[in-house]
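Trainee: I would like to take a close look at a single part of this model and see how it sits in the whole chain.

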Amino acid sequence: MTARSGLGLDVHPLVPGRPLVLGGVEVPFDRGLQGHSDGDVLCHAIIDALLGAAGAGDIGRLFPPGDPRYKGASSLRLLEEAVAHIGRLGWRVRYVDATIVAERPLLKPFIGPMKARLALALRLPGDTINLKATTTDGLGFVGRGEGIAALAIATLEAAE
Ligand code: MG
């Protein structure tokens, strides 16, 4: 079996007047993530991890920023497109581990629903996705509530 892993990182600013969407789930909060799409940093980090493992560049190459097709797009749909793209390149997703870095809001109640939506988009059983949330104990731009970050690692297997 040929397996490869890829890493993804994304950061978006928190701004008023936007819904906060993480892992395809709308989380009640007074601000949301700025972005050309819905700004879902978790989906974006996972997309970059998938593309990294497949040796297929990055999210900006697959979904060019400013492309009107992706304005306001659901990043969960972009994740589905990325899974289909790496599938055409001969890769299947086997495992994803990811961490959301946010000072607020408390994300624990939303981890389960996020995992369920990501599992569908990734075509994975729920037990092959691990999702975590942490804070930076008040340090840096995350600690000041200026933005949210996400990191992901994806493991792919070459399809037979
Ligand atoms: Mg992004």
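Trainee: How many helices and how many strands does the chain have, and which strands are joined to β7 by bridges?

Mentor: Please keep in mind that this is a predicted model, in which local features need pLDDT of at least 70 and side-chain atom pairs count only at pLDDT 80 or more, whereas totals for chains, interfaces and linings use all residues. Residues are numbered from 1 along each chain as its sequence is written, and side-chain values use heavy atoms, with hydrogens and water left out.

The chain has five helices and seven strands, where helices (H or I, at least four residues) and strands (E, at least two) are DSSP runs numbered from the N terminus. Along the sequence, these elements follow the pattern β-β-β-β-α-α-α-β-α-β-α-β.

Strand β7 covers residues 147-158, and because nine of its twelve residues are buried, this strand is largely enclosed by the rest of the structure. Buried here means under 20% relative accessible area, exposed means over 50%, and partly exposed lies in between (1.4 Å probe, protein chains only). Over the 160 residues of the chain, 49% count as buried.

Two strands are joined to β7, pairing being taken to require at least two bridges found by DSSP between the strands. Strand β1 (residues 3-16) runs antiparallel to β7 and is joined to it by eleven bridges, while strand β5 (residues 91-101), likewise antiparallel to β7, is joined to it by ten.

P13 lies in strand β1 and is partly exposed, since its relative accessible area is 36%. Not counting residues up to four places away in sequence, P13 touches G32, L33, Q34, E146 and G147, a contact being heavy atoms within 4.5 Å. P13 also lies 9.2 Å from V142, C-alpha to C-alpha, although 129 residues separate the two in sequence.

From β5 the pairing continues to strand β6 (residues 129-134), to which β5 is joined in the parallel sense over six bridges, with V96 standing opposite I129 of β6.

For the whole chain, among contacts between residues at least 6 apart in sequence, 73% join residues at least 24 apart. The C-alpha trace spans about 45 × 35 × 25 Å along its principal axes. With 160 residues, a compact globule would have a radius of gyration near 15 Å, and the chain, at 15 Å, therefore agrees; this radius is taken over C-alpha atoms, and the globule rule is 2.2 Å times the number of residues to the power 0.38.
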